[in-house]
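Please read the numbered points alongside the sequence and the model.

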There are 2 protein chains.
Amino acid sequence: MDSNKYLPEAVSTLIEELNKLPTIGRKSAQRLAFYLLRQSPNDLDQLAGSVLGIKDNVKFCSRCFNLTSAQSDENDLCKICNSQARNQNSICVVEEVLDLIALENTMEVSGVYHVLHGALSPLDGVGPSNLKLAELFNRVKEGADSIDEIILATSTNSEGEATALYIYENLKNSGVKISRIASGLPIGGDLDYADEGTLRRALKGRVGF
Amino acid sequence: MDSNKYLPEAVSTLIEELNKLPTIGRKSAQRLAFYLLRQSPNDLDQLAGSVLGIKDNVKFCSRCFNLTSAQSDENDLCKICNSQARNQNSICVVEEVLDLIALENTMEVSGVYHVLHGALSPLDGVGPSNLKLAELFNRVKEGADSIDEIILATSTNSEGEATALYIYENLKNSGVKISRIASGLPIGGDLDYADEGTLRRALKGRVGF
């Protein structure tokens, strides 16, 4: 069903490019393309410019691997690593930059981060060398005297749990306190809808009232 | 919750631009942006190029208002209006170019099209002058001697029905045969799941076995 043969080449090329994006199927790509056909040349310039804009203007923080502007004048560090207001001795380890953003929105993290850029997943061919793990271990080793705490905030799925365990095994002798974010019933959660694993964790991790 | 303040400007600009697209919310825009951050500069060039590609390379067919290449060497007409294989005396009226594509995929339309670019919807401020209706009426008037049939293939929602009725009222004295696509139970449809309106139409429009 090549519906694109009835369309001008520029339109079918656009549909194909949009269709390459994750979660955007053929039908969505068609609808997006027709939406873009109705936009002004100026709007199209802006969209295309923003795609090209990330090409040379973004790099990773040399310490925590968060994203930072390539034109960052100060040094190779991101805003958070550069901030005097943050506790540089508490490191929160996350899988992705999006996780960092989610945690920042809680405004509960006073320390800094370390972004692994993934989680251990042997079935998908993701081993320790594919993540920023060596960089984390070096960072802890070099700062062992000053670092107060490492918070493992990887996901609570099997990959995230395995990654947290791997980090714990490697750092447990470093003398630095290591903690894991709590698992349990989400706020607003109904007890009888929760799965057994979650309930087991919620019971095990119970805290004084 | 401006999660973009933790991101380099180039990334937050990209997220904002993607967020402007229909059906793409903030979360989807973030995920798409992070997907694009992992793509090669070449892939980004292709995507941006395809967006810019529709700027000057696409126009509407001067007869049926289907899309056509601006560089079309022959004339101002689209592939279908230019085709010798199509019956130029049967005009199928549709709301959008996407409807034309859906009908083309059935391979049941031997004639040509007229794309209205919308449907009458007074509540949304869409009146007859906002659609390619005058162009349709002119086209029928000029070709009244040769045109055999006009098939009204607008949607069967209230806007599509109103548009079909409006066209019928304006063309019923033109001497040209006017038909409406059938409404009824969709193929594979369960009778007891169909709404009353659909069942009523299916009964009314029953055909000899």
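1. Strand β5 (residues 149-152) of chain A runs parallel to β6(A) and is joined to it by 4 bridges. One of the pairs is A:Glu149 with A:Lys177 of β6(A). Strands (E, at least two residues) and helices (H or I, at least four) are DSSP runs numbered from the N terminus, and two strands pair if DSSP finds at least two bridges between them.

2. This is a predicted model, in which local features need pLDDT of at least 70 and side-chain atom pairs pLDDT 80 or more, whereas totals for chains, interfaces and linings use all residues. Residues are numbered from 1 along each chain as its sequence is written, with chains lettered from A and ligands numbered from 1 in the order in which they are written.

3. In chain A, an open sheet of 4 parallel strands has the order β4-β3-β5-β6. Because β4 (111-115) and β6 (177-180) of chain A stand at the edges with a single partner strand each, one side of each has no neighbour in the sheet. From one strand to the next, the twist averages 25°.

4. Helix α7 (residues 158-171) of chain A packs on this sheet and touches β3, β5 and β6 of chain A. The direction of α7 makes about 160° with that of β5(A); angles run from 0 to 180 degrees between N-to-C directions, and axes are lines fitted to C-alpha atoms, for helices over the stretch in contact. Contact requires C-beta atoms, placed from the backbone, to lie within 7 Å.

5. Chain A superposes on chain B by a rotation of 179° with 0.0 Å of shift along its axis (RMSD 0.1 Å), by least squares on the C-alpha atoms of residues with pLDDT of at least 70 in both. The two copies are therefore related as by a two-fold rotation axis.

Conventions: Two residues are in contact if their C-beta atoms, placed from the backbone, lie within 7 Å.
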